[in-house]
Amino acid sequence: MEGGLKLKNPVAVNQELEGEVFYPSPEVVKEARIKDWKAVDELAVRDLEGFWAKEAEELDWYRKWDKVLDDSQKPFFKWFTGAKTNIIHNCLDRYQKTARQNKLALIWVGEPGDVRTYSYFGLNREVNQFANVLKAMGVKKGDRVTIYMPRIPEIVIAMLASAKIGAVHSVVYGGFSVDALQGRIDDSESRVVITADGGWMNGKVVELKKTVDEAVKRCPTVETVIVVKRTRQDVKMEAGRDYWYSDLMKLPIANGKCQTEVMDAEDPLYILYTSGTTGKPKAVVHVHGGYMVGIYSTLKNVFDLQDQDRWWCAADPGWVTGHSYIVYGPLLAGATSFMYEGAPTYPYPNRWWSLVEKYGISVLYTAPTAIRGLMRFGESWPNRHDLSSLRLLGSVGEPINPEAWKWYYRVIGKDKCPVMDTWWQTETGMFMVTPTPVVPLKPGSATRPYFGIEAEVVDEQGNPTPDDQEGYLVLTRPWPAMLRTIYKDPDRYVRQYWSKYPGKYLTGDSAKRDKDGYFWIIGRTDDVIKVSGYRLGTAEVESALVSHPAVAEAAAIGLPHEIKGQAIHAYCILRAGHSPSPELAEELRQHVGTHMGPIARPEQITFVDKLPKTRSGKIMRRVLKARAQGLPEGDVTTLEE
């Protein structure tokens, strides 16, 4: 068996299911909340609204819904119409004055080693205080609040406090650049920005406040910047605009209970920007009601969270994974969540494994990029730690290659922890194709759609493809946590997701389905590159390159990368008077990093005299991809020459 896999009782090559199949052990099945996956799925498919109503009944509502699903204005679906709620009521309020208020909600470790813990009672107190601060700053229901912070507890508090008073938060990942931040603040018309002096990553300070200062110069809507002291280096504070978080939290206005705003189930909870095929990122809108039900159901059932679990989602709150499964999902499930500020390999490649051992982490959910990055350092680093507290593992962000899956299962999970490989998107809000602990697993496959979710793989005309044939992944039924629209651009929502195959949601991913009904996600079909699980639009990278005075034209493609999954390769045509050189290539790499953030820096820049284009002038990136990998170029009849 490749990878040195030991065939213990849960692992075998099955006659019924084709390929390499990993079976759950009797212990896993015995402990699982849902033991008969098939029966629950059949019920959910047969009675979609009944299934989701039952899941919603497990949460608290100020007023129950009149209708579970309103599809009268497709594709603008509404869920739990007429219901009144607030996600914060279910994350925090309902636990107060119960035994759960004394349970740990969050254990946080900073990269330098500092530790903070919050009980459900303590977290609620902080959220109340900061909600009072935001109200005193004039933030009202429906206002947008931009959050640009490191992985520290205050990012969670800021998100929860915004939602509590009915404001709509827009979290921007702390690795994004001035331009990216400024564009997102402008689009959301935020009046308040919450940030920190900096954050720690790989032993260095990420200077967030400096980025905010630059961005806000060009954002006329911003009136207030609230700054958390994290790294304590000197930063510029502008009188009348900038305030220290710690000073505001000590003011009398922060004291006392803050009433949770009663929200309609369809009121917006947050917007989150995600790269599209054009240069402008899309602001995906998620709402209080359906989103809450979707992420609660999926986290509870897929990761089978038990009262004694310690859950670690090793993502960043700046991405949808962090929103759904660091901030909101675990609190809805009443779980204890773990959060770590820094990088997985700093100061040594055993940092994560030492944290799993020290804090008794039982469920670890991370990205294939991180797994591949840690694989490079071999088995001795994890093997020096006791990882026996782990009972389930998870993967998110991009397809996981079978070798990384098996290393994760064998070396980290010690052949006993099923790997929940989840496929979903910013737009879906929740897991869509995913196993539960009792589902037999195939390394590299996200297995089957979640309960009540129906997915298909179709060809260009919208017809289902034969088994094992690649096509477009579409979703054929609505789900509660789905995006409701693109902020300020409903036409783009319809055009982007619902127009290619009317009545079906186009995911933008290619996939194939095997004869056992297992889905294998292949990658993006549009001009979006996934680097370390983060989506970057080729148009954004190309715009950044062309903004350099030496570049006349540029094309960016994603090529396979052993660690990152994909890496950006760029092709540039230079303006007259500029010559190709390694120095210029490096200057352009840094230029993209400055404009978009380090994650977008191209791996390689190639100078060319011309780019392959159609007669209508569209750059044929697939041709560049094929050439770069020495593959057949396919149909090139539409090329200019």
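What follows is a short walk through some salt bridges, helices and backbone details.

One thing to keep in mind is that this is a predicted model.

**Salt bridges**

Let's begin with charged side chains. The structure holds 46 salt bridges. Here are three of them, with their N to O distances.

| Pair | Distance (N to O) |
|---|---|
| lysine 300 and glutamate 55 | 3.0 Å |
| arginine 63 and aspartate 66 | 3.2 Å |
| glutamate 398 and arginine 372 | 3.3 Å |

Where do lysine 300 and glutamate 55 sit in the chain? Lysine 300 belongs to helix H10 (residues 288–302) and glutamate 55 to helix H3 (residues 48–57), so this bridge links distant parts of the chain, 245 residues apart. Both partners are buried.

Glutamate 398 and arginine 372 also link distant parts of the chain, 26 residues apart. Glutamate 398 is in the loop between strand S21 (392–395) and helix H15 (402–412), while arginine 372 is in helix H13 (residues 368–375). Here too, glutamate 398 and arginine 372 are buried.

The bridge between arginine 63 and aspartate 66 has another setting. Arginine 63 counts as partly exposed because its relative accessibility is 39%, and aspartate 66 is exposed because its relative accessible area is 57%.

Salt bridges can also join up into a network: Glu18, Lys442, Asp514, Lys515 and Asp516 are linked that way.

**A pair of helices and an enclosed one**

The axes of helix H17 (residues 538–546) and helix H18 (residues 582–596) come within 9 Å and cross at roughly 120 degrees, so H17 is oblique to H18. The crossing is right-handed. On the H17 side, the contact is made by Glu540, Val541, Ala544 and Leu545; H18 brings Leu588, His591, Val592, His595 and Met596. Sorted by class, that contact has six nonpolar, two polar and one charged residues.

Is helix H8 (residues 208–216) largely enclosed or open? Seven of its nine residues are buried, so H8 is largely enclosed by the rest of the structure. The buried ones are Leu208, Lys209, Thr211, Val212, Asp213, Ala215 and Val216. Among the elements covering them are helix H7 (178–188), strand S10 (192–196) and strand S13 (224–228).

**A buried glutamate**

Glutamate 427 lies in the loop between strand S22 (419–421) and strand S23 (455–458). With a relative accessibility of 1%, glutamate 427 counts as buried. What does glutamate 427 touch? Leaving aside residues up to four places away in sequence, its contacts include Lys282, His286, Tyr497, Tyr505 and Arg535.

**Backbone details**

Two prolines come with cis peptide bonds. The bond from lysine 74 to proline 75 is cis, with omega near 0 degrees, and proline 75 lies in the loop between strand S3 (67–70) and strand S4 (78–81). Tyrosine 346 and proline 347 are joined by a cis bond with omega about -5 degrees; proline 347 is in the loop between strand S19 (336–340) and helix H12 (351–359).

Finally, a couple of positive phi angles. Lysine 97 is not a glycine, yet its phi is about 65 degrees. Lysine 97 lies in the loop between helix H4 (87–91) and strand S6 (104–109), and is exposed, with a relative accessible area of 80%. Glutamate 189, also not a glycine, has a positive phi of about 55 degrees. Glutamate 189 is found in the loop between H7 and S10 and counts as partly exposed at 37% relative accessibility.

Terms used
Residues are numbered from 1 along each chain as its sequence is written. This is a predicted model: local features need pLDDT of at least 70, side-chain atom pairs count only at pLDDT 80 or more; totals for chains, interfaces and linings use all residues. Side-chain values use heavy atoms; hydrogens and water are left out. A salt bridge is a side-chain nitrogen of Lys or Arg within 4 Å of a carboxyl oxygen of Asp or Glu. Helices (H or I, at least four residues) and strands (E, at least two) are DSSP runs, numbered from the N terminus. Buried means under 20% relative accessible area, exposed over 50%, partly exposed in between (1.4 Å probe, protein chains only). Axes are lines fitted to C-alpha atoms, for helices over the stretch in contact, and angles run from 0 to 180 degrees between N-to-C directions. Angles under 35 degrees count as roughly parallel, over 145 as roughly antiparallel, 65 to 115 as roughly perpendicular and the rest as oblique. A crossing is left-handed if the near helix is turned anticlockwise from the far one by less than a right angle, and right-handed if clockwise. Contact means heavy atoms within 4.5 Å. Ala, Val, Leu, Ile, Met, Phe, Trp, Tyr, Cys and Pro count as nonpolar, Asp, Glu, Lys and Arg as charged, and the others, Gly among them, as polar.
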